[in-house]
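Trainee: I would like a close look at one part of this model, a pocket and the parts around it. Please tie it to the domains and the core.

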Amino acid sequence: MASLMPNHVKKPKSITESVHGVCVDISFEGKGVVKAEGETYFVPGIFPGEEGDIAFDYSRGGAKFGKVIKLDKVSPNRIQPRCKICSACGGCCFQQYDYPAQLIYKTNKVKEQFRKIAKMDVEPLPCIGMEEPYFYRNKIQMPFAKDNRGNLYCGFYKESTHVIVPVDTCYIEDGRAKAVLDAVKKLGKSFHIEPYQEDEGRGFLRHVLIRTSKHKEQVMVVLVTYKDAFPSRSNFVKALLKECPFITTVLQNVNSRHTNVILGEFERTLYGPGYIEDVLCGISFKISAKSFYQVNPVMTEKLYMKAIEAAQLTKEDVVFDAYSGIGTIGMVASRYCKNVIAVEIVKEAVIDARRNAKHNGVENISFYCDDASSFMVNMANKKEHVDVLFMDPPRKGSDQRCLDAVCKLSPSRIVYVSCDPSTLARDVAYLSKKYQLRSVQPVDMFPHTMHVETVAMLRLKDSKK
Ligand code: SAH
């Protein structure tokens, strides 16, 4: 197979001589920061206090990356991982690091981003952890490939590559996903389904996406295909349902583009209603394939309750929910305030949101499909009044147009929910000309990975409320 390394990653050099190094920290990306012979290497699978021999692996953006050859000194926080391939897969950089130490890392990571990016000395509250931090993910998406015996396999892309590391059991995913993936592998062979080969632009099955409901016995399977024509489509679906009778809906999504984006535009429901339902904070939500829904349902409830608590809502408050997805935060907030205005850019999510409000009998919320920045600029120009702003942007954060509009709108409280502490710190620094940062609460939505979610509360300077 041709090399599919993205251009920005230099091809790994063959391992030359190893050097002895000491791990002094963990980087933003969850790699050990190793000092060796006056050089710094970023090395996966080594933790602070550990020492050993490492070898140069590759360089990227001027930084050197290495790999562990031999460990001489082991951290007391190192544990036996449940997953045998966690080092190769790269998704769970911390399965070998005990959970309390992971939480300390995440609290510090948030603090560090505020220090480095916002130049602010912030003391985050300790990261809230998960009681049972395994099998939590409700959304699983795996690419497929075929081995030289013609068997289908699926897995995760090895970090910074498009090489699939085969995964049999994933310890952070909802257990129901494995049965579905095993069935697709088995049926794929008997139905002669060809996995998509992106380097050659041919084949059929690109990804299988599975969504599970925590509170309802519902499972969605999306077969993402390169082409629309699906020979034996209905027989395949029948056979899949026979193997996994717990599946409640099956969709085909067609993605013919040469892109890393998993889902394409066109979608057809092959079985069931085309969505699944789940319950968050006592409210039920219908979720379709293209809508965003938080991946850890247990911790999402904790996150939302922290966000609501931080907002200190009253029945007089007008609330704005920016980047609202299927309306989850806004709907929870609607119980405690006068009314909610919500904006989201993905039209399928807005359709879900409206349907969800109706289904739950929530009448004091309105949803708009628009770019959050344009919508807020408009609101600010019209001098509309907002008391509390919840904002939960994607990883890249908000933009200056949006933040300027926020300053103009001047809500007395902002609750910023973020999945990337570096863009959070950047945006908070920008808002700090008018707002004072009052609290920062990290929440571990993604145990065993480097990611952390954060709820930051800001208050308008000189505000009475
Ligand atoms: N608050 C929701 C969704 C958060 S994820 C929840 O907790 O589930 C971020 C959301 O922002 C996604 O639904 C994404 O589609 C949406 N989004 C991304 N860019 C946007 C933009 N420019 N304007 C409005 N929404 C946007």
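Which domains does the domain assignment of the protein give?

Mentor: Domain 1 covers 9–78, domain 2 covers 107–130 + 296–460, and domain 3 covers 139–280. These bounds come from an automatic or database domain assignment. This is a predicted model, where local features need pLDDT of at least 70 and side-chain atom pairs pLDDT 80 or more, while totals for chains, interfaces and linings use all residues. Residues are numbered from 1 along each chain as its sequence is written, and side-chain values use heavy atoms, without hydrogens or water. Taken over C-alpha atoms, the centres of domain 1 and domain 3 are 35 Å apart.

Now the pocket. The second largest pocket has a volume of about 400 Å³. A pocket is an open set of points on a 1 Å grid over the protein atoms alone, where a 1.4 Å probe fits, with protein on both sides within 12 Å along at least five of seven lines; lining residues have an atom within 4 Å of a point. Volume is the space filled by probe spheres set on the points, which are joined across faces, edges and corners.

The lining of the second largest pocket has 19 residues. Asp-25, Ile-26, Ser-27, Tyr-105 and Glu-112 lie nearest its centre. Strand S1 (19–26) and helix H2 (99–117) each give two or more residues to this lining. Helices (H or I, at least four residues) and strands (E, at least two) are DSSP runs numbered from the N terminus. H2 gives the most, with 10 residues. By class, the lining has 10 nonpolar, 4 polar and 5 charged residues. Here Ala, Val, Leu, Ile, Met, Phe, Trp, Tyr, Cys and Pro are nonpolar, Asp, Glu, Lys and Arg charged, and the others, Gly among them, polar. Domain 1 and domain 2 each supply at least three lining residues.

Follow the chain past H2. Leu-125 sits in the loop between H2 and strand S6 (139–146). Leu-125 is partly exposed, at 42% relative accessible area; the class lies between buried (under 20%) and exposed (over 50%), with a 1.4 Å probe and protein chains only. Beyond four places in sequence, Leu-125 is in contact (heavy atoms within 4.5 Å) with Thr-107, Val-440, Gln-441 and Pro-442. Its C-alpha is 37 Å from that of Ile-69, 56 residues apart along the chain. Phe-135 lies in the loop between H2 and S6 too. Phe-135 has a positive phi of about 50°, although it is not a glycine. It is partly exposed as well, at 38%.

Next, the core. The largest nonpolar core has 116 residues, and among those touching the most other members are Phe-114, Phe-390 and Val-415. Such a core is a set of buried Ala, Val, Leu, Ile, Met, Phe, Trp, Tyr and Cys residues joined through side-chain atoms within 4.5 Å. Helix H5 (residues 297–311) gives the most to this core, with 7 residues. Domain 2 and domain 3 each supply at least three of its residues.

Val-415 shows the packing. Beyond four places in sequence, its contacts include Ala-307, Ala-310, Ala-311, Phe-390 and Met-457. Glu-309 is also placed in H5, but Glu-309 counts as exposed at 52% relative accessibility.
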